[in-house]
Amino acid sequence: MNASPPSPFAIWREFHWAFFLNVQGLVVALRRFRMQLERGLLASAEEELMTAATLLTSSAASMELAASFTKDVYESTIRVSMTQPTVESDDFSGLMSWEHAVLVGVWRDLRPVFEQLPEELAVAHSAFVAAYRHLAESHVGVCSRFVDSDAGSLRLGDRSAVETLRRFERGRLTLIDPAGKGCPFHS
């Protein structure tokens with residue numbers, strides 16, 4: 001039996017599902033990280049933070065694999081699926097998902113924790129921040145493949161989609177790496 005390969009839309013949809021599953025796991029791992037840290041169980045907290053880093057890296061891979069098609073297919077099929085009348089919103093975005101909202105809330109709650117992180121967790125924190133940077137760069141890379149550097153985002157219209165993603169990255173980094181020392185290899 002010769003099965004045909006999945007359509008570009010199926011690839012996009014299914015790897016986005018995988019991405020959101022990773023985000024759900026990330027929420028669980030970060031909540032467990034905080035719980036273990038509050039109990040003084042630094043080894044367990046470190047394990048949870050490293051799990052969170054792995055889930056961020058997996059999210060980046062899901063995002064990259066979700067874009068396994070050409071720019072023409074993106075413009076004619078994928079982007080169309082993210083605009084009216086296919087979706088009700090005229091500023092559709094992954095920011096609208098409940099997973100994203102919960103994750104950002106967890107990161108906001110963890111900001112003071114990350115500000116006062118015990119030195120024993122510095123290596124795990126660096127891995128976590130590096131994994132987030134990798135995810136953010138993957139998102140920018142995927143976006144750059146499909147839209148021109150000055151093209152507007154679906155959510156903010158006239159603002160550059162790529163610059164919007166970079167602005168989001170900077171904002172998220174202030175939450176997870178408030179002291180700016182979580183990943184010494186990046187500026």
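1. Among the contacts in the protein with a separation of 6 or more, 78% are accounted for by residues 24 or more positions apart. The model is a predicted one, and the points below should be read with that in mind.

2. Overall make-up. The protein contains six helices and zero strands, so that its pattern along the sequence reads α-α-α-α-α-α under the DSSP assignment of runs. Of its 187 residues, 41% count as buried.

3. The nonpolar core. The largest nonpolar core holds 48 residues, and those touching the most other members are Leu26, Leu30, Phe33, Trp107 and Phe128. Two or more residues are given to this core by each of α1 (8-38), α2 (42-66), α3 (71-81), α4 (98-115), α5 (122-146) and α6 (161-176). The largest share comes from α5, with 11 residues. In soluble globular proteins, nonpolar side chains tend to be buried together.

4. Trp107. Leaving aside residues up to four places away in sequence, Trp107 touches Leu26, Leu30, Leu56, Phe128, Tyr132, Arg172, Leu175 and Ile176. Leu26, Leu30 and Phe128 are also listed with Trp107 among the core residues that touch the most other members.

5. α5 against α6. Two packed helices are described by the angle between their axes and the distance between the axes. For α5 and α6 the angle is about 170 degrees and the axes are 9 Å apart. An angle over 145 degrees counts as roughly antiparallel, and α5 is therefore roughly antiparallel to α6. On the α5 side, the residues that meet α6 are His125, Phe128, Val129, Tyr132, Arg133, Ala136, Glu137, His139, Val140, Cys143 and Ser144. Their partners in α6 are Ala161, Val162, Leu165, Arg166, Phe168, Glu169, Arg172, Leu173 and Ile176. By type, the residues of this contact are 12 nonpolar, three polar and five charged.

6. α4 against α6. Here the axes come within 7 Å and cross at roughly 45 degrees. The two helices are therefore oblique to each other. His100, Val104, Trp107, Arg108, Arg111 and Phe114 of α4 meet Arg172, Thr174, Leu175 and Ile176 of α6. The residues of this contact divide into five nonpolar, two polar and three charged. Arg172 and Ile176 of α6 meet α4 and also meet α5.

7. Ser138. Which residues does Ser138 touch, not counting residues up to four places away in sequence? They are Ala60, Met63 and Glu64. Ser138 lies in helix α5 and is buried, because its relative accessible area is 5% and the cut-off is under 20%. The side chains of Ser138 and Glu64 are joined by a polar contact of 2.4 Å.

8. Ser97. This residue sits in the loop between α3 and α4. With a relative accessible area of 15%, Ser97 is buried. Its C-alpha atom is separated by 8.9 Å from that of Phe20, a residue 77 positions away along the chain.

9. Trp12. In helix α1, Trp12 is buried, with a relative accessible area of 16%. The C-alpha atoms of Trp12 and Phe69 are separated by 8.7 Å, although the two residues are 57 apart along the chain.

Definitions and conventions. Residues numbered from 1 in each chain as written. Predicted model: local features only at pLDDT ≥ 70, side-chain atom pairs only at ≥ 80, totals over all residues. Heavy atoms only, no water. Core = buried A, V, L, I, M, F, W, Y, C linked by side-chain atoms within 4.5 Å. Buried < 20%, exposed > 50% of the residue type's maximum accessible area, 1.4 Å probe, protein only. Helix = DSSP H or I, 4+ residues; strand = E, 2+ residues; numbered from the N terminus. Contact = heavy atoms within 4.5 Å. Axes fitted to C-alpha atoms, helices over the stretch in contact; angles between N-to-C directions. Parallel < 35°, antiparallel > 145°, perpendicular 65-115°, else oblique. Nonpolar A, V, L, I, M, F, W, Y, C, P; charged D, E, K, R; others polar. Polar contact = N/O pair within 3.5 Å; in protein donor to acceptor, adjacent residues only side chain to side chain.
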